[in-house]
Amino acid sequence: MPSSPTPGAPTTQEELKELLKDDTKVKVAGIDVDGVLRGKIMSKAKFLSASKSDGFGFCSVVFGWDMHDQTYSRELLVSNRANGYRDLIALIDLSSYRRLPWEKNIPFFFVKFVVPETGKPLDVDPRGVLGEVKARAEDKGWKCLAGAEFEYFQFSETPASLADKKFMNLTPLTPGMHGYSLLRPTLNVDYFHELYDQAADFGIEIEGHHTETGPGVFETALAYTEVSRMADNAILFKLLAKSIGVKYGIMPTFMAKPWGDLPGCSGHIHVSLQDKNGRNLFAVSDEEAKGEGRANAAYPDTKYISQEAEWFLAGLLDGLPDVVPLLCPNINSYKRLLGGEAMWAPDTSSYGYDSRAASIRLISPPGVGPAATRFEVRVPGADMNPHFALSAIFALGLRGIEKRLALSTGPIGSPGVTRASLAKLPTSLEAAVETFKREGSLAREVLGDYFVDHFAGTREHELEVHRRAVTNWEVERYFELA
C-alpha cells in the first residue's frame with residue numbers, strides 16, 4: 001500500500017511529464033535493512049520509461065552487504081554468489097515525490113523492491129514490510145499513525161577529518177550540557193534554522209526542534225502522520241541533517257551511544273490507530289475522559305485508554321523482548337540500553353501513565369485530550385531503521401487486539417511491580433538476535449520466517465565483524481601490561 005502522498009504528487013503519466021517538464025534527471029532510492037538509502041540519478045527519459053512499465057532492474061547486492069558495502073559473512077537469502085547477485089525489480093512510488101532543496105532541487109522518488117519471478121514484494125524490503133503490516137490494519141478499517149523523535153550529537157568535523165583522526169578526539173559542535181537552551185543554538189544559528197526550514201521545504205513537517213542535554217546535541221520531533229509517510233520522513237530527515245551538515249562543516253551522528261559517560265541518542269516512536277471515521281481508536285469517550293475513565297480498565301493507569309488500546313498495549317508488551325533487534329539493530333545500540341533508568345533508556349518490558357522510566361509511556365487524559373491519546377515506545381535508539389521498528393510495533397499491537405490479550409503485569413511502580421518482577425529486554429545484540437530468531441518467537445509469528453531468518457543473518461554478520469575487531473580499549477588496556 002502506498003504511503004500518504006506528497007501534496008502535488010503525480011497520479012498519471014501526463015501529470016508526471018508536466019511535473020518534470022523543466023528537469024533533465026531524477027533521483028531515486030530504496031532502503032536497505034540498515035536504513036541506508038541506496039539509489040542513483042536517472043535520466044528523465046529512462047525514469048519516465050520505468051515509471052510507466054514494470055519498473056527497472058536494481059542490483060540485489062544492497063540486500064547482500066552491510067552498511068559499509070562488505071558482503072555478509074555467510075550467504076543469506078536475497079542476494080548471494082549462488083544467484084549471481086542478480087537484479088531485483090524496483091517499482092517507482094509516484095506518491096513519494098519530493099524535491100531535494102539542498103541538491104539543486106532535483107526531483108526525488110522512493111522505490112519498492114519486488115521479486116522478478118513473482119512480482120510480489122521482497123520480504124525484507126523495509127517499505128514493503130511496513131506496507132504489509134499496515135494493510136492488516138486497513139483490512140479492519142483502521143489507519144496506523146505515528147511520530148518519531150530523534151536525538152543526535154553533532155561534531156565540527158568532516159568525513160576527511162574523521163578519517164584523519166580515526167574517529168578519536170572529535171570536536172563537539174558546542175561544549176557543555178544545555179538541554180532546551182535558547183542560547184546554544186545562536187552559536188550555529190544558520191545551521192540550526194536551516195535544518196528546520198529545509199525539512200519544511202522537503203515535505204517533512206517538524207513539531208519541535210531544540211537542543212538536548214549533551215555537548216552538541218539536538219532533538220527534532222517529526223510531526224505525527226500516516227505511518228508509511230512517517231517512516232519515509234524519518235529516513236529522509238537523517239539524509240537531510242547529514243547533507244545540510246556538509247555545507248557547514250558539521251557531522252551529525254545518529255548512532256545510539258557516541259559517548260560512554262553521557263546519555264545516548266533515542267529514537268522514541270509515538271503510535272495510535274484511527275478508525276474509518278477519523279476517530280482515535282485508542283481514545284476513551286468524551287464522557288469517560290471527563291469522568292473517572294473506563295469502568296473495565298485493568299489498572300488505574302489504563303482507565304483513560306480504550307479497550308482496543310489496552311489490547312494493543314498487551315500485545316506490544318507480550319512481544320517486545322522478541323523484536324528488540326528491530327528497535328536496536330546495532331552493537332552500539334545496547335550501550336544505550338545499559339544506562340537503564342538512570343539515563344531514561346528502558347531495559348524492561350514495562351509501561352506506565354506518562355512515565356519516562358517505562359518502555360511504553362501511556363499518553364492520555366488527563367494529561368492530554370482524548371484525541372491525542374497515544375503510546376510512546378521508548379526502547380528504540382536514533383540508529384533504528386524506522387520502517388522495521390514501526391512494523392514490529394504495529395504488528396505486535398494488532399496481534400494483541402486480534403487475540404484480545406490481557407495485560408500480564410501492572411504498570412511500573414504499582415504494588416507488586418518491581419524491576420525484578422518485570423520481563424527484561426536483551427541488553428546485547430547477541431542475546432537479542434537469539435531471542436528474535438528462536439523457534440516460536442513472536443517475531444516469526446507476526447513478520448514471517450523468511451524476514452526473521454534474513455535479518456537475523458545480517459545481525460549475526462555484524463556480530464562476527466565485531467568479534468574480529470581489535471578495539472582501542474583492548475590496546476590501551478593490554479598493550480603494556482599483558
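**Exercises on a predicted model**

D66 touches D34, R38, Y72 and H461, leaving aside residues up to four places away in sequence. Keep in mind that we're working with a predicted model.

**Exercise 1.** Work out where D66 sits and whether D66 is buried or exposed.

*Solution.* Start with the place: D66 is in the loop between strand 3 (56–59) and strand 4 (87–100). Next, check burial: D66 is buried. Now look for a partner. The nearest side chain of opposite charge is R38, 6.2 Å away. A salt bridge needs a nitrogen-to-oxygen distance within 4 Å, and D66 has no salt bridge.

**Exercise 2.** Find which residues of helix 12 are buried, and how they are arranged around its axis.

*Solution.* Helix 12 covers residues 429–437, and its buried residues are L429, A432, V433 and F436. Look down the axis: these buried residues fall within an arc of 100 degrees, so they line one face of the helix. Finally, ask what they pack against: helix 9 (324–327), helix 10 (333–337), helix 13 (442–447) and helix 14 (449–468).

**Exercise 3.** Pick out the residues that touch the most other members of the largest nonpolar core.

*Solution.* That core has 130 residues, and the ones to pick are F47, F237, L273, F375, L390, F394 and F451. Then zoom in on F47: not counting residues up to four places away in sequence, F47 touches L16, L20, V26, V28, M42, I92 and F109.

Methods
Residues numbered from 1 in each chain as written. Predicted model: local features only at pLDDT ≥ 70, side-chain atom pairs only at ≥ 80, totals over all residues. Heavy atoms only, no water. Buried < 20%, exposed > 50% of the residue type's maximum accessible area, 1.4 Å probe, protein only. Helix = DSSP H or I, 4+ residues; strand = E, 2+ residues; numbered from the N terminus. Arc of directions from axis to C-beta. Contact = heavy atoms within 4.5 Å. Core = buried A, V, L, I, M, F, W, Y, C linked by side-chain atoms within 4.5 Å. Lys, Arg positive; Asp, Glu negative; His and termini not counted.
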